[in-house]
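This briefing concerns one protein chain, shown below. It begins with a hairpin and then turns to the sheet, the cores and the chain as a whole.

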Amino acid sequence: MVSARPEASHVTNSVACEASTPPCNEGGRILLSNGTASILQGSRVVFNICGNKYRLVVKINYPHQVMTIRFLGTHEKYDAVDAETI
């Protein structure tokens with residue numbers, strides 16, 4: 001996705017950098033550092049990228065400090081998935 005949509009690379013790189021900076025132990029920290037993030041059920045966070053053109057959904061295992069990308073795509077494709085269970 002990032003190679004196909006270079007305009008989105010700065011946000012995905014920022015999320016990766018944020019995830020690698022301990023301690024990532026609560027969703028509030030993500031919201032403070034990224035105003036486009038929304039906390040969802042199921043330990044998931046959705047990031048709006050490029051003015052809401054793209055969406056990035058990650059699942060965070062806070063105790064183990066692991067972030068897994070669950071979805072990365074256009075807003076239209078995001079509307080077709082359940083971000084809280086994907």
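Strands β2 and β3 form a hairpin with four residues between them, and Cys50 in its turn has a positive phi of about 55 degrees. Helices (H or I, at least four residues) and strands (E, at least two) are DSSP runs numbered from the N terminus, and two strands pair if DSSP finds at least two bridges between them. The model is predicted: local features need pLDDT of at least 70 and side-chain atom pairs count only at pLDDT 80 or more, while totals for chains, interfaces and linings use all residues. Residues are numbered from 1 along each chain as its sequence is written, and side-chain values use heavy atoms, with hydrogens and water left out.

**Hairpins and strand pairing**

- Strands β2 and β3 run antiparallel and are joined by six bridges.
- Across this pairing, Phe47 stands opposite Leu56 in β3, and Arg44 stands opposite Lys59 in β3.
- Strand β1 (residues 37–39) pairs with β2 in the antiparallel sense over three bridges; Ser38 has Val46 of β2 as its bridge partner.
- The hairpin of β1 and β2 has four residues between the strands, and Gly42 there takes a positive phi near 70 degrees.

**The sheet**

- Four strands make an open sheet in the order β1-β2-β3-β4, with antiparallel pairing.
- Because β1 and β4 (66–74) stand at the edges with a single partner strand each, one side of each is left without a neighbour in the sheet.
- From one strand to the next, the twist averages 20 degrees, where axes are lines fitted to C-alpha atoms (for helices over the stretch in contact) and angles run from 0 to 180 degrees between N-to-C directions.

**Burial and nonpolar cores**

- Five of the six residues of β2 are buried, so this strand is largely enclosed by the rest of the structure; buried means under 20% relative accessible area, exposed over 50%, and partly exposed in between (1.4 Å probe, protein chains only).
- The largest nonpolar core has nine residues, namely Ala37, Val45, Phe47, Ile49, Tyr54, Leu56, Val58, Ile60 and Tyr62; such a core is a set of buried Ala, Val, Leu, Ile, Met, Phe, Trp, Tyr and Cys residues joined through side-chain atoms within 4.5 Å.
- Strands β2 (44–49) and β3 (54–61) each supply at least two residues of this core, and the largest share, four residues, comes from β3.
- A second, separate core of six residues includes Leu40, Val46, Val57 and Ala83.

**Aromatic pair**

- One aromatic pair is found in a search of the whole structure; rings of Phe, Tyr and Trp (its six-membered ring) pair if their centres lie within 6.5 Å, with planes under 30 degrees apart counted as stacked, over 60 as edge-to-face and the rest as tilted.
- The ring centres of Phe71 and Tyr78 are 6.1 Å apart and their planes are at 55 degrees, so the pair is tilted.
- Both Phe71 and Tyr78 are buried.

**The chain as a whole**

- The chain contains three helices and four strands, which follow the pattern α-α-β-β-β-β-α along the sequence.
- Of the 86 residues in the chain, 30% are buried.
- Among contacts (heavy atoms within 4.5 Å) with a separation of 6 or more, 33% are between residues 24 or more positions apart.
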